[in-house]
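The following paragraphs go through the ligand site and then the chain interface. Please keep the structure open while reading.

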Amino acid sequence: MPEPILTIKNLTKKYGENVIFQNLDLTVNEGDTIVIIGPSGTGKSTLLRCINLLTRPDDGQIWLDNKEITARGTDEDKVRQHIGMVFQNFLLFNHLTALGNVKLGLDKVKKMSDKEATEKAMHELARVGLADRADHYPGQLSGGQQQRVGIARALAMDPRIMLFDEPTSALDPELIGEVLEVMRQLALEGMTMLVVTHEMGFAREVADRIVFMEKGYIVEQGSPNEMFNHPKFPRTREFLWKITELYGKKEKEAD
Amino acid sequence: MLTWLGYFERFGKNFLHGAGVTLELTAIGLAIGFVLGLLLALARCFGPKWLQQVAGAYIAVFRGTPLLVQLFIIYYGLPEIGIAFSQNMAAYLALGLNSAAYQAEYLRGSINAIGAAQMQAGRSIGLSKWQTIRYVILPQALRLALPSWSNEPISLLKTTAVVFLIAVQDLMAEGKRAATATFDFVGVYLAVALVYLVMVFALDALLKFLERKTKIPGMDIETSR
Ligand SMILES: Nc1ncnc2c1ncn2[C@@H]1O[C@H](COP(=O)(O)OP(=O)(O)OP(=O)(O)O)[C@@H](O)[C@H]1O
Ligand SMILES: [Mg+2]
């Protein structure tokens, strides 16, 4: 049986009176790529932020590698080292070069020597195809290149799992492909990934499981084949049809 | 008509000495103000609630009252409760404490602008809150603040002129002495004004240089305006 890396049980998050999700369960096995889809405002980003402890859930537990990270007294900074996060709008450190962005965590968190950190960072940049842009600042890179630096920055920490929050939705259509290609490669290499995206081509091809969330509930989850071809709920079919229609065109342009 | 230029020959040495003191007051006031202002801005942006309030109150009081009143309280008032300063020390302190309030506001604005998003990015790779502030937020916020913060050194340089009132021997005090000696108030103070002007221009050039030097490649938005 595959080992679960991430287990979420009974997770509840509220902002004031506003319940974002309630009693949410989700398991991610080692090496899996899970794609989360769902309408805007459904709580997808909030879920990722809970997993990364960037926000505190109100109730429920999250385990990473059989350690409860929502437990009191958890060293949050330590947990985050093991969870890579890629943001919709990249959020690179604008005052640092591509190399500097990837190196910062190695330097300050992992306390590597400068030489080691540079080597490792260059390796990660090469992985996303940007070794030749190491000394460029974010402002000198295209959106697609910035996002790939964002991925390299997260990868450098050798995370157990990578979270992607709509990594391509801020990109021009012609730049989406290069980012998805890097993610596809990561999945092939066996990285465990939890991806919020509307790119249905990617979901169909790469996902081991697609999770459809709506209004804070997981409506349905299953393999791409099950979800696209035999969804249990009409709502799932409806939504998948809608975003394929909506984003399909953009995707074609990207190819 | 330009006879007042002759005062540079007669009082040049005094003016030069006074200008030196003025620059010293500016530099020390600015340095105290920067360190304290940075702490205040950090307290306001990242501190616990009570600390935010303390910092907020400090800023409100020092921006809301005249510098001269602050100077007199420090120089004449504090000795009554047993804390006495030399004239220069009182001047450094008043200028620094006052400037801190203004600098805190400049810095707070840009820290907020860099803000929560960069904090998330920093934390996401495992940096602690303070590491993120130190290595991610401040390097960007300080650069962002520079163009508007540059008003402060210039404004402070001119503001230092009030300290002649507690007999600090700055440029203004030297001017006053020369004016009393010659009875030519207009001429002497024109000469003094010219010295201030030269210092302001030089400082301005220095700040522009600093702005160019610290510019982040590829980020032209601020400077192209
Ligand atoms: N910091 C916050 N304070 C209050 N409410 C918030 C906060 N963050 C998110 N919300 C609310 O939580 C709900 C879910 O937001 P979330 O960003 O998780 O949705 P999402 O599924 O990621 O949507 P999108 O597809 O638009 O990114 C929204 O109604 C949003 O207004
Ligand atoms: Mg979102």
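**Ligand site and chain interface**

The side chain of Lys44(A) places an N or O atom 2.8 Å from an oxygen atom of ligand 1. On its own, ligand 1 exposes 630 Å², of which the protein buries 61% (Shrake-Rupley accessible areas, 1.4 Å probe). This is a predicted model, in which local features need pLDDT of at least 70 and side-chain atom pairs count only at pLDDT 80 or more, while totals for chains, interfaces and linings use all residues. Residues are numbered from 1 along each chain as its sequence is written, chains are lettered from A and ligands numbered from 1 in the order written, and side-chain values use heavy atoms, without hydrogens and water.

The backbone also approaches the ligand: a polar backbone atom of Gly41(A) is 2.8 Å from an oxygen atom of ligand 1, and a backbone N or O atom of Thr42(A) is 3.1 Å from one. The residues around ligand 1 include Tyr15(A), Pro39(A), Arg49(A) and Glu166(A) (a heavy atom within 4 Å). Helix α1 (residues 44-51) of chain A gives the most to this shell, with 4 residues (a DSSP run of H or I, at least four residues).

Turning to the interface, 24 residues of chain A are in contact with 21 residues of chain B (heavy atoms within 4.5 Å). Phe93(A), His95(A) and Lys108(A) supply 27% of the area that chain A buries against chain B, more than any other three residues (buried area is the accessible area, 1.4 Å probe, lost on putting two parts together, summed over both). Between the chains there is 1 salt bridge (a side-chain nitrogen of Lys or Arg within 4 Å of a carboxyl oxygen of Asp or Glu). Arg123(B) forms a salt bridge with Asp77(A), with the closest N and O atoms 2.8 Å apart.

Technical notes
A polar contact is a pair of N or O atoms within 3.5 Å; within protein, one must be able to donate a hydrogen and the other to accept it, and residues adjacent in sequence count only if both atoms are side-chain atoms. Helices (H or I, at least four residues) and strands (E, at least two) are DSSP runs, numbered from the N terminus.
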